[in-house]
Amino acid sequence: MRHTHGISSSLAPGRAKIARQVVLPFRKALEISVKNIRVRFLRSMVTVVSLVLAVAFLSFILTGSEIASGMLRAGKPGFRAALIDAGYDLPAVAPPPALAAAEAESLGASPKERWIVMLSLLVCTVGIVNAQLMAVTERFREIGTMKCLGALDRFILRLFLLEAGMQGLAGSFVGALVGILGALLVGLVRYGLSGTAATSVAGLGRVLAVSIAVGAGLSLLGVVYPAIVAARMRPVEAMRAQE
């Protein structure tokens, strides 16, 4: 019994070492994710472009609201008339100064624009899910090989989440910038330089942050189910799949 206990005690450090070798570090997972994106660049671009378009439309609408709010806060008479001509539902007479700030803050996108934004984001999410499911199908053998070499389920899950996170951040950032610049150009044509210049820089920064957060969140949300499917895949079934 003592001899057996001694053997088990001597094997314990070895088992701990093997366990540490199976769980790869975060840096290695990040390196593999970047390599996978490079190898499947064209497929990654399909996901990124759909995200860019959806986030650009979102940031365009939000920036347009920021421009209109800035013009109301400026309080110039011609600005109110220009906003009414642009289709904003505003009274012709300006409210008292005490209520002017509240009116500017409450000015936002129309219900129709909100529905269009939500629909575009929903379509984008469905497209991400579809693209990621196709990516899982194409990577059966790769996933099976990693699992046969000792990769745990959480490592496979981490790979897909990292890839989606990087694509989401890149696509959301580009889309947010495109939407903001497009809205500023439209505002410049519609309201002139003085109207566009009344836009708050802090407001534009808030639009940028919100757009990036929404886009990255949608990208991660769209990859959750495909990542779980890939993580739960049995190595034998994955290796048996035809490419």
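Which helices each supply at least two residues of the lining of the largest cavity? The report below takes up this question and then turns to helix packing and a salt bridge.

## About the model

This is a predicted model, in which local features need pLDDT of at least 70 and side-chain atom pairs count only at pLDDT 80 or more, while totals for chains, interfaces and linings use all residues. Residues are numbered from 1 along each chain as its sequence is written, and side-chain values use heavy atoms, with hydrogens and water left out.

## Cavities

Rolling a probe the size of a water molecule over the atoms shows where empty space is left. A cavity is a set of points, on a 1 Å grid over the protein atoms alone, where a 1.4 Å probe fits but cannot get out, and its lining residues have an atom within 4 Å of a point. Grid points are joined across faces, edges and corners, and a volume is the space filled by probe spheres set on the points. By this rule there are 2 cavities of 30 Å³ or more, and the largest has a volume of about 110 Å³.

The helices that each supply at least two residues of this lining are α2 (26-39), α3 (41-74), α6 (111-138) and α8 (153-197), where a helix is a DSSP run of H or I with at least four residues, numbered from the N terminus. Among the lining residues are Asn36, Arg40, Ala131, Arg139, Glu163 and Gln167. The lining divides into 3 nonpolar, 5 polar and 4 charged residues; here Ala, Val, Leu, Ile, Met, Phe, Trp, Tyr, Cys and Pro count as nonpolar, Asp, Glu, Lys and Arg as charged, and the others, Gly among them, as polar.

## Helices packed against α8

Axes are lines fitted to C-alpha atoms, for helices over the stretch in contact, and angles run from 0 to 180 degrees between N-to-C directions. The axes of α8 and helix α9 (residues 201-231) come within 7 Å and cross at roughly 150°, which makes α8 roughly antiparallel to α9. The residues of this contact between α8 and α9 divide into 22 nonpolar, 6 polar and 1 charged.

Angles under 35 degrees count as roughly parallel, over 145 as roughly antiparallel, 65 to 115 as roughly perpendicular and the rest as oblique. Helix α7 (residues 140-148) packs with α8 at about 140°, their axes being 10 Å apart, so α7 is oblique to α8.

## A salt bridge

The structure holds 1 salt bridge, meaning a side-chain nitrogen of Lys or Arg within 4 Å of a carboxyl oxygen of Asp or Glu. Arg206 forms it with Glu66, and their closest N and O atoms are 3.1 Å apart. This pair links distant parts of the chain, with Arg206 in helix α9 and Glu66 in helix α3, 140 residues apart.

Technical notes
1 Å grid on protein atoms, 1.4 Å probe; cavity = no way out; pocket = protein on both sides within 12 Å on 5 of 7 lines; lining within 4 Å.
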